[in-house]
Amino acid sequence: VFAGRVLDVHQVRQAHPTEATVPFNSRVKYMATIHALPELPSEKLLVLKGAPEYMLQHCSTIRMEDGRVVPLSPELQALMAQRVEELGGMGERCVGVCTRTLDVRKHPPPYNVTELNFPTDEMCFQGLVAVLDPPRPTVP
């Protein structure tokens with residue numbers, strides 16, 4: 001909802017079509033998509049979405065609120081873990097999002113979503129998405 005107020009999500013999706021999708025895998029705790037970057041034809045955008053603690057393991061940097069990208073220090077990792085805990089305590093489920101670009105000369109398409117012929121390290125942690133998921137009395 002918020003993103004729709006800031007930018008036209010349909011326009012962004014149309015301008016950056018998905019070229020490959022790695023479905024969610026309970027072993028690695030994420031799903032991945034690779035998108036075209038028409039403004040940078042020699043690069044693709046890799047996006048991982050999943051359990052924040054697993055997303056942070058793939059990241060070497062983090063985007064701050066002011067837009068700066070800084071190294072992901074142990075202190076910032078601890079802060080993210082604290083935020084996830086706080087949000088979880090309020091009945092919210094968190095998803096972490098991280099990105100990186102792929103140089104198509106080093107990692108050319110087609111992308112093999114089974115064998116992952118592209119790197120998933122050196123990512124930039126973009127943030128958390130929290131979804132209200134209150135406890136249900138029927139679930140133990």
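A salt bridge is taken here as a side-chain nitrogen of Lys or Arg within 4 Å of a carboxyl oxygen of Asp or Glu, and by this rule the count comes to five. The structure is a predicted model, in which local features need pLDDT of at least 70 and side-chain atom pairs count only at pLDDT 80 or more, while totals for chains, interfaces and linings use all residues. Residues are numbered from 1 along each chain as its sequence is written, and side-chain values use heavy atoms, with hydrogens and water left out.

The predictor's confidence in each residue is given as pLDDT, on a scale from 0 to 100; its mean over the chain is 89, and 93% of the residues reach 70 or more. Helices (H or I, at least four residues) and strands (E, at least two) are DSSP runs, numbered from the N terminus. Confidence is lowest in helix α1 (residues 2-6), with a mean of 57, and highest in strand β5 (residues 69-71), at 97.

The chain holds four helices and seven strands, and from the N terminus on these elements follow the order α-α-β-β-β-α-β-β-α-β-β. Its C-alpha trace spans about 50 × 35 × 30 Å along the principal axes. Of the 140 residues in the chain, 31% are buried, where buried means under 20% relative accessible area, exposed means over 50%, and partly exposed lies in between (1.4 Å probe, protein chains only).

Among the salt bridges, one joins the side chains of Glu19 and Lys44, at 2.9 Å from N to O. Glu19 lies in strand β1 (residues 18-25) and Lys44 in strand β3 (residues 43-50), so this pair ties together parts that are 25 residues apart in sequence. Glu19 is partly exposed, at 38% relative accessibility, whereas Lys44 is buried, with a relative accessible area of 11%. In general, side chains of opposite charge can pair when their charged atoms come close.

Another salt bridge is formed by the side chains of Asp66 and Arg68, at 2.7 Å from N to O. Here Asp66 counts as exposed because its relative accessible area is 54%, while Arg68, at 46%, is partly exposed. A further pair is Glu86 and Arg83, whose side chains meet at 3.6 Å from N to O. These two residues are three apart in helix α4, and are therefore separated by about one helical turn. Glu86 is partly exposed at 38% relative accessibility, and Arg83 is partly exposed at 35%.

On a 1 Å grid over the protein atoms alone, a pocket is an open set of points with protein on both sides within 12 Å along at least five of seven lines, and its lining residues have an atom within 4 Å of a point. The second largest pocket has about 330 Å³ of space, a volume being the space filled by probe spheres set on the points, which are joined across faces, edges and corners. Its lining consists of 14 residues, of which Ile62, Arg63, Met64, Glu65 and Met80 lie nearest the centre. The elements that give two or more residues to this lining are β4 (59-63), α4 (74-89) and β7 (123-132).

Notes
On a 1 Å grid over the protein atoms alone, a cavity is a set of points where a 1.4 Å probe fits but cannot get out, and a pocket is an open set with protein on both sides within 12 Å along at least five of seven lines; lining residues have an atom within 4 Å of a point.
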